Amino acid sequence: MQPVSLQPRFPADHRFGVLDAWRGVCALLVTIVHIPVLHALQGTQVFMNMQMFVDFFFVLSGFVMSHAYGRSLDGPVKLEGFLIRRFGRIYPLHLAILLGFVALELVKLGVLTLAKMQVDGDPFTGPRSYATLASNLFLMQSFNLHGMTTWNGPAWSISVEFYAYMVFAAAVLFAGMRTALFTALATVALAGLVAFSPNYIFATHDYGFLRCLYGFFVGCVVYQAVMRRGSGRLAGTAAELGSVALLIGFMLLTGQNATSYLAPLVFAVVVYVFAFERGIVSKLLATGPAQALGLWSYSIYMVHMLIFTVEKMVLGLVAKKAILGFAIVQVPTGRLWTFDNLALDTALFTLQIVLTLAISKLTYDWIEDPWRRRFATIARRREQALRAPAEAPSSSDCPAGIVTSLRVARGPGLR
C-alpha cells in the first residue's frame, strides 16, 4: 500500500521563520538555566523545568526534517546527500567548541606544570578526560558510556539528534511519509523512557536517544497534520495566545515526575499553531531581533557553556581577591557566582546573555554558516556524480565528450 498523499500546503523551499524564532527563544531560555549566577529562582523546580525546552528542539527538528526531506528522500543518492548536509549542519561547530574546551584543559595543564597552581580542577580528568574526548569526537557521548555529561554538556542533544536523522531517513526510505509509522516510533521511544529513564523526560547522557526519538517523531506527526487540507482553520491570534498559555501553565505545574513526559506533546501544539503564522504573536516573532535569535539559535545553544567555563576560570582568581565582594558559593545545583548585591548580580547575569549573543553571532558568521554551505556543496556534487551515470545518454548515441559534459552538467540544484 502506498502512503497517503498529502496536499502540499507549503512548497518544499518554504521557510518557517516564526518557528525559527521559537527555536531562538528556547535556546536562550536553556542558556538562562545554565547561567551560574546566584538568584532567587536558582534550584526551584519551575526554573529547572526550562531544561525541557531541549524537547522543543527535537519536536521542531522532526517537523523541519519532514518538510525539507520527506518528499525527496527516495533512494541512496538522496540519502547520502541528506547525511552529508546534516553532518555539515551540526558537526563543524560542535568540533570547534570541543576544541575550545580542549584548549582550556591545555591551559590548566600548563598552569599546573609551570606555576604549580590548580585552576578549576585537574586537567583532563572527570567529564573532560581523554576517554570522554573520544566519544565526543564520534558523537557517541550520550549512549550511556560515561555516567555523566561530558565536555560541552549541551552537546549531548546534538549527538543523539544526528542518529535520529538516520532513523528518520531509514523510516522514510522504507515506508514513505507515514503518520502511523511516525506515531509508532514516537510511542516506542516514549515506552523506552518510561521503562528505563530514572529521571523521567530529563534523560541526557544515558537515555537521551530515546528522549530525542520521542520528540523528533512527534514533530514528524505534527508536520503531517499541518500539511493536511484544512488543518489550519483554527490557527490565529486566539490559538497562538492559547498555546502560549498552555506552555506557560505546563512549565509552572510540571516537574521531575511522570507529567514531564507530556512536554513534547505540549511543544507539538505550539509548533502546529505557529506553523501557520496567522496571529499577533507570529508578527512579533517575525521581527528582526526575533529572527536574528532564530538564526543564531544553534550557536547560542552550543557556545554558552564554553563562555561560562572561561569566565569561571578567571573569576575563580577574582573570588580569592574578594574584589567588590565577589564570591563563588556552593549550592545544591553547583557553584554559583554572586556579589551579594542584587544590582551587581543582575548586571552580571545580563552580561552573560549579552556575551552569549555577541559570540554566537561570530560563530554563526565564521563557523556555522560557512561550513554548512561547504557541506551542502559537497552533497550537491556527490548527488551529481552519483546520478550522472544513470542519466547520461548511452555512448552509442553520442560522442564520449558529450557524455562527459552531460554528466557534469546534470544534477539537482543546491537547496
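Helices in this tour are DSSP runs of H or I with at least four residues, numbered from the N terminus. With that in mind, select Leu-139, which sits in the loop between α5 and α6. Please remember throughout that this is a predicted model.

**Stop 1: two residues with positive phi**

What is the phi of Leu-139? The value is near 55°, which is positive in a residue other than glycine. Most residues other than glycine have a negative phi. Is Leu-139 buried or exposed? Its relative accessible area is 3%, so Leu-139 is buried, the cut-off being under 20%.

Now select Asp-120, in the loop between α4 and α5 (130–137). Asp-120 also is not a glycine, and its phi is positive at about 55°. Here the relative accessible area is 29%, so Asp-120 counts as partly exposed.

**Stop 2: α4 and α6**

Next, show helix α4 (residues 76–115) together with helix α6 (residues 156–175). Their axes come within 11 Å and cross at roughly 165°. Angles over 145 degrees count as roughly antiparallel, and α4 and α6 are therefore roughly antiparallel to each other. The crossing of α4 and α6 is right-handed.

To see the contact, display side chains on both helices:

- On α4, pick Leu-79, Phe-82, Leu-83, Arg-86, Phe-87 and Ile-90.
- On α6, pick Ile-158, Phe-162, Tyr-165, Met-166, Phe-168, Ala-169 and Leu-173.

How do the residues of this contact of α4 with α6 divide? There are 12 nonpolar residues, no polar ones and one charged.

**Stop 3: α1 and α10**

Move on to α1 and helix α10 (residues 263–274). The two pack at an angle of about 145°, and their axes are 9 Å apart. The crossing of α1 and α10 is right-handed. Select Val-18, Leu-19 and Trp-22 on α1, then Val-270, Val-271 and Phe-274 on α10, and you have the residues that make the contact. Six nonpolar residues build the contact of α1 with α10, with no polar and no charged ones.

**Stop 4: aromatic pairs**

For the pair of Trp-22 and Phe-56, the ring centres are 5.9 Å apart and the planes are at 35°, so the pair is tilted. The pair links distant parts of the chain, 34 residues apart: Trp-22 is in helix α1 (residues 17–34) and Phe-56 in helix α3 (residues 53–69). Trp-22 has a relative accessibility of 8% and counts as buried. Phe-56, at 1% relative accessibility, counts as buried too.

Then select Phe-196 and Tyr-207. Their ring centres are 6.0 Å apart and their planes are at 20°, so this pair is stacked. Phe-196 lies in helix α7 (residues 179–196), while Tyr-207 lies in the loop between α7 and α8 (208–227), so the pair ties together parts that are 11 residues apart in sequence.

Conventions: Residues numbered from 1 in each chain as written. Predicted model: local features only at pLDDT ≥ 70, side-chain atom pairs only at ≥ 80, totals over all residues. Heavy atoms only, no water. Axes fitted to C-alpha atoms, helices over the stretch in contact; angles between N-to-C directions. Parallel < 35°, antiparallel > 145°, perpendicular 65-115°, else oblique. Left-handed = near helix turned anticlockwise from the far one by under 90°. Contact = heavy atoms within 4.5 Å. Nonpolar A, V, L, I, M, F, W, Y, C, P; charged D, E, K, R; others polar. Phe/Tyr/Trp six-rings, centres within 6.5 Å; stacked < 30°, edge-to-face > 60°. Buried < 20%, exposed > 50% of the residue type's maximum accessible area, 1.4 Å probe, protein only.
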